[in-house]
Amino acid sequence: MWTTFKVLSVWVIFGAIAGIIGIPYSFLVKDINRLYRVAMWIVRTGLKAGGIGHEVEGMENIPVGRSCIIVSNHVSNLDPPIEIALIPTRCSVLLKKQITDIPILGTAMKMALFVPVERGHSREAAKAGVAAAAKALAAGLHIIVYPEGTRSPDGRLQEFKKGPFFLAMETGAPVLPMAIWGTREMMGKGSSAMTPGVAQVRILPVVEPGNYGSREALAVAVKAAIAAALPEGMRPVQG
């Protein structure tokens, strides 16, 4: 629990200060970039304070000057802060639409072009989500997506939802597969406690949607690339 305390203390204390000062400032100057950089520093500092590190391979695979849809496996709540903080340029994320309705914080998230997602399967909600994501990509941001929809219960790669690949086919944005492991041992599903350790992150070559005839084929290719990069015990069980 000491690790959890140190990580959350840094995030809460510095996050509150950054929010109180940075959100009004960003609203006034209509620029969220400085606040985003501060937020990423806070994320990295909190993880470092708790002894949570990472080793990464494949940074050279991140395209320069192109927005990507970053697709990763998901085994722990530590995955997003580790992965987002190592990307050198701004990223957008998918979040519950209700969060964007929170005063001040919601405004900052809208300025950051985070993508609000509604629960349910209405066509209107889906179209709105795709439009918001396309806007973020057009603005030069990457989007990080976890297509399994939730954390894997056993660490093995689960089935992918098709939404991110529909977005890739619609926008032509390249898909950047990413594999992560080691975080489940530091913070497993259903646990709020963190323990020190080192996550392994592997960034793979981009997959161009134009090379595939359907979103299903694109999803299969991306999933296969991530599965091959993961340790044997995290790969899908072949039926």
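## Salt bridges

In this predicted model, Arg 66 is partly exposed, because its relative accessibility is 36%. The side chain of Arg 66 meets that of Glu 208 in a salt bridge, 2.8 Å from N to O. Arg 66 sits in the loop between β1 (52-57) and β2 (69-72), and Glu 208 in the loop between β7 (197-203) and α8 (215-229), so this pair ties together parts 142 residues apart in sequence. Glu 208 is partly exposed as well, with a relative accessible area of 25%.

A search of the whole structure finds 6 salt bridges. Another one of them joins the side chains of Glu 159 and Lys 223 (3.2 Å, N to O). Glu 159 belongs to the loop between β5 (142-145) and α6 (163-171) and Lys 223 to helix α8, so the pair ties together parts 64 residues apart in sequence. Glu 159 counts as exposed at 60% relative accessibility, whereas Lys 223 is buried, with a relative accessible area of 16%.

Glu 216 and Arg 215 also form a salt bridge, their closest N and O atoms being 3.6 Å apart. Both are partly exposed: Glu 216 has 35% relative accessibility and Arg 215 has 32%. Through salt bridges that share partners, Lys 162, Arg 215 and Glu 216 are joined into one network.

## Helices α1 and α2

Helix α1 (residues 2-29) packs with helix α2 (residues 33-49) at an angle of about 170°, their axes being 8 Å apart. Angles over 145 degrees count as roughly antiparallel, so α1 is roughly antiparallel to α2. Contact residues of α1 include Trp 11, Phe 14 and Tyr 25, and those of α2 include Leu 35, Trp 41 and Leu 47. By class, this contact has 14 nonpolar, 5 polar and 2 charged residues.

Helix α3 (residues 79-86) is mostly covered, with 7 of its 8 residues buried. Among them are Asp 79, Ile 82 and Glu 83.

Thr 183, in helix α7 (residues 183-186), is buried at 0% relative accessibility. Its side chain makes a polar contact of 2.6 Å with the side chain of Asp 79. Beyond its neighbours within four places in sequence, Thr 183 is in contact with Val 75, Ser 76, Leu 78, Asp 79, Ile 82 and Ala 199.

## Val 115

Val 115 is in strand β4 (residues 115-117) and counts as buried at 1% relative accessibility. Leaving aside neighbours within four places in sequence, its contacts include Val 93, Leu 95, Ala 132 and Ile 143.

Key
Residues numbered from 1 in each chain as written. Predicted model: local features only at pLDDT ≥ 70, side-chain atom pairs only at ≥ 80, totals over all residues. Heavy atoms only, no water. Axes fitted to C-alpha atoms, helices over the stretch in contact; angles between N-to-C directions. Helix = DSSP H or I, 4+ residues; strand = E, 2+ residues; numbered from the N terminus. Parallel < 35°, antiparallel > 145°, perpendicular 65-115°, else oblique. Contact = heavy atoms within 4.5 Å. Nonpolar A, V, L, I, M, F, W, Y, C, P; charged D, E, K, R; others polar. Buried < 20%, exposed > 50% of the residue type's maximum accessible area, 1.4 Å probe, protein only. Polar contact = N/O pair within 3.5 Å; in protein donor to acceptor, adjacent residues only side chain to side chain. Salt bridge = Lys/Arg side-chain N within 4 Å of Asp/Glu carboxyl O.
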